[in-house]
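Hi everyone, thanks for coming along. Please have a look at the sequence and the model on the screen, and then I'll walk you through them.

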Amino acid sequence: MGVYENSMKLVRRLSSNSSRSEEQLQRGRSSDSFSRVNGNDKVAKLVDDEKREAGRVGWDVYWKYLTSAYGAWFMFLILAVQVVAQALSLCADFWFSHETSLVSFNGGILILVYALLSMGSWVLTFARAFLTALFGLKATQAFYERMLSSIFRALMSF
């Protein structure tokens, strides 16, 4: 609360000294902080300097993004749906290859099994795309709301 109190003292002082010229007001403000509290060299910062990090983005940032929407279980659900869809696609290709390599095969059963495996793969691929889009929208919304609330709670100076 010390920074807030110092900034409020400054606002009261500036509003009470309306006879000061614009030049005196500009000299009273320092470049890296809001302004001086009183005539001496005591300076109160309203906003801290931003810290900058260099290097690669850590895995914890990615993990926060992946789990921000529905938690870690949702990511595993999307992964499981993808794995099963790929497995069904491979089974369909294997089935077609295996059955056509035989000397005699039943065409009706070949087409029926191949169609069912392909349809299952298609349905799960669609489900994966839908879940991924749902995750992307929810994660983006969660990040936006957190950033917006941080901006609204930040100290401001005019």
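Let me begin with a question: which residues are buried in H4? They are Phe74, Met75, Ile78, Val81, Ala85, Ala92 and Glu99. By buried I mean under 20% relative accessible area, with exposed being over 50% and partly exposed in between, using a 1.4 Å probe and protein chains only.

A word on where this comes from. This is a predicted model, so local features need pLDDT of at least 70 and side-chain atom pairs count only at pLDDT 80 or more, while totals for chains, interfaces and linings use all residues. Residues are numbered from 1 along each chain as its sequence is written, and side-chain values use heavy atoms, with hydrogens and water left out.

Now the overall picture. The chain has 5 helices and 2 strands, and along the sequence they follow the pattern α-α-β-β-α-α-α. Here helices (H or I, at least four residues) and strands (E, at least two) are DSSP runs, numbered from the N terminus. Of the 158 residues in the chain, 18% count as buried. Contact, in this talk, means heavy atoms within 4.5 Å. Among contacts with a separation of 6 or more, residues 24 or more positions apart account for 64%.

Back to helix H4, residues 72-101. Its 30 residues should span 44 Å at 1.5 Å a residue, and its end C-alpha atoms are 44 Å apart, which agrees. That expected span is 1.5 Å times one less than the number of residues. What do the buried residues of H4 pack against? They pack against H3 and H5.

Let's turn to H5, which covers residues 107-153. The buried residues of H5 are Leu110, Leu117, Ser121, Leu131, Phe135, Ala139 and Ala142, and they pack against H3 and H4.

Ser121 is worth a stop. This residue of helix H5 has 10% relative accessibility, so Ser121 counts as buried. Leaving aside residues up to four places away in sequence, Ser121 touches Ala85, Leu88 and Ser89.

For another view, take His98 in helix H4. Its relative accessibility is 37%, so His98 counts as partly exposed. From His98 to Leu110, 12 residues apart along the chain, the C-alpha atoms are separated by 9.9 Å.

Finally, how do H3 and H5 meet? The axes of H3, residues 59-67, and H5 come within 8 Å and cross at roughly 110°. The two helices are therefore roughly perpendicular to each other, a label used for angles of 65 to 115 degrees. Lys64, Tyr65 and Leu66 of H3 make the contact with Phe135, Gly136, Ala139, Thr140 and Phe143 of H5. These residues divide into 5 nonpolar, 2 polar and 1 charged. Ala, Val, Leu, Ile, Met, Phe, Trp, Tyr, Cys and Pro count as nonpolar, Asp, Glu, Lys and Arg as charged, and the others, Gly among them, as polar.

Terms used: Axes fitted to C-alpha atoms, helices over the stretch in contact; angles between N-to-C directions. Parallel < 35°, antiparallel > 145°, perpendicular 65-115°, else oblique.
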